[in-house]
Amino acid sequence: MSSATASARSNIALVKYWGKSGSGDNRTAVPSLSLTLAALTTRTRVELDAALVEDEVELDGTAVTGKARERVVRVLDELRTLGGKRERARVRSHNDFPTASGLASSASGFAALVVAGSAAYGLGLSSAEQSALSRRASASAARSIFGGWTELLAEAESASELFPADHLDLKVVIALTTLGPKAVGSTSGMLQTQATSPYYPAWVSEAPALFERAKRALAERDFPSLGQAMEESTLMMHASMLAARPALVYLRAATLDVLERVRQLRADGISAYATMDAGPHVKVFVPSREAPSVEAALRGTTGVEKVVVSGPGGGARVEAG
Ligand code: ADP
Ligand code: DP6
């Protein structure tokens, strides 16, 4: 009986992916740029068992069924095809942060599954191959195979690392504004935006220039320009969601209060920039030395349930045991 355990960390996109390309296979319509986070981790164990009739999937101690299970089984099927293997697998996964709430659990979840699964099925895959498999399950997961600063170009097969985790000395202060799951998942939310939002074409045509601006600022370690491009990408993506029919409103009153607090902090001379994904939480990028005062400011903001401070993290890896 072969088994392997892997861990992967969530990543936060500064320049967002929101929209699938017409070429299919879950390729992205826009380029994205992200930072892998040390503090949000998935740990997944994949155990092959010839006696199993079908794959068993468990997340945080509960059996996964329906579409969520099928997504995992599709990854296992691809691994079995690559390895010429038939054994079914028992998958046990744990996210140490809220699932399906806008903190990119699908990113760390599928990256950890691919790395554990490829080890359990005895495949010696390269990082690029693991990234491509992860992308097919969830495009943001392609980026969590790598640590530090990562890009996933539009239409690309896999992501790649641009700079290591220590390229910039910063922290991400995450203000959680609800603790439950969101009503509309990222996959269906982006398909709905793509199909109905009159602002979606504008979002897609603006995205490459934003990506280039952010990438240049990152290469030059120009944190304010990077933060500015990140906020623009975030708000343009949310504008396209808000104009969908029916409207996709992931932002809550508390989300806007945190955004306002970040603007005040900037007016007070603190270099802090905010981003939100398909969820109500706000992730604030700050130079490490500013993190304690920004953390205190966000803890004191109405509607903030919890604050987590994370540094940049490493890539997905096989763990002992
Ligand atoms: P999030 O903002 O958390 O990424 P998504 O809607 O993009 O939300 O994805 C959430 C979905 O990802 C879950 O409903 C589940 O299907 C899948 N997922 C999350 N964590 C795991 C995991 N550890 N293993 C397998 N699938 C996972
Ligand atoms: C807003 O990667 O979860 O977090 O490919 O359908 O699984 P699927 O979508 P997913 O979408 C992530 C959207 C985002 C922005 C980002 O991470 O780039």
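## A sheet and the helices around it

Four strands come together here as an open sheet, in the order 9-10-8-11, and their pairing is antiparallel. Because strand 9 (273-275) and strand 11 (306-310) stand at the edges with a single partner strand each, one side of each is left without a neighbour in the sheet. From one strand to the next, the twist averages 25°. Please keep in mind as you look around that this is a predicted model.

Let us look at one pairing within the sheet. Strand 8 (residues 170-176) and strand 11 run antiparallel and are joined by five bridges.

Helix 7 (residues 223-242) touches strand 8, strand 9 and strand 10 (282-287). Helix 8 also packs there, touching strand 8, strand 9 and strand 10. Their directions relative to strand 9 are set out below.

| Helix packing on the sheet | Angle with the direction of strand 9 |
|---|---|
| Helix 7 | about 30° |
| Helix 8 | about 160° |

Helix 8 (residues 253-267) has a helix partner too: helix 9 (residues 291-299) packs with it at an angle of about 140°, and their axes are 10 Å apart. Helix 8 and helix 9 are therefore oblique to each other. Helix 8 passes helix 9 in a right-handed crossing. On the helix 8 side, the contact is made by Val258, Arg261 and Leu265, while helix 9 brings Val294, Ala297 and Leu298. Five of the residues in this contact are nonpolar, none is polar and one is charged.

Now for helix 3 (residues 127-137). Which of its residues are buried? They are Gln130, Ser131, Ala132, Leu133, Ser134, Arg135 and Ala137. Among the elements that cover these buried residues are helix 1 (66-83), helix 2 (105-120), helix 4 (141-144) and strand 6 (149-152).

Ser186 belongs to helix 5 (residues 186-196). Is Ser186 buried or partly exposed? With a relative accessible area of 28%, Ser186 is partly exposed, because buried would mean under 20%. Leaving aside neighbours within four places in sequence, Ser186 is in contact with Trp18, Tyr250 and Ala278.

Key: Residues are numbered from 1 along each chain as its sequence is written. Chains are lettered from A and ligands numbered from 1 in the order in which they are written. This is a predicted model: local features need pLDDT of at least 70, side-chain atom pairs count only at pLDDT 80 or more; totals for chains, interfaces and linings use all residues. Side-chain values use heavy atoms; hydrogens and water are left out. Buried means under 20% relative accessible area, exposed over 50%, partly exposed in between (1.4 Å probe, protein chains only). Helices (H or I, at least four residues) and strands (E, at least two) are DSSP runs, numbered from the N terminus. Contact means heavy atoms within 4.5 Å. Axes are lines fitted to C-alpha atoms, for helices over the stretch in contact, and angles run from 0 to 180 degrees between N-to-C directions. Angles under 35 degrees count as roughly parallel, over 145 as roughly antiparallel, 65 to 115 as roughly perpendicular and the rest as oblique. A crossing is left-handed if the near helix is turned anticlockwise from the far one by less than a right angle, and right-handed if clockwise. Ala, Val, Leu, Ile, Met, Phe, Trp, Tyr, Cys and Pro count as nonpolar, Asp, Glu, Lys and Arg as charged, and the others, Gly among them, as polar. Two strands pair if DSSP finds at least two bridges between them.
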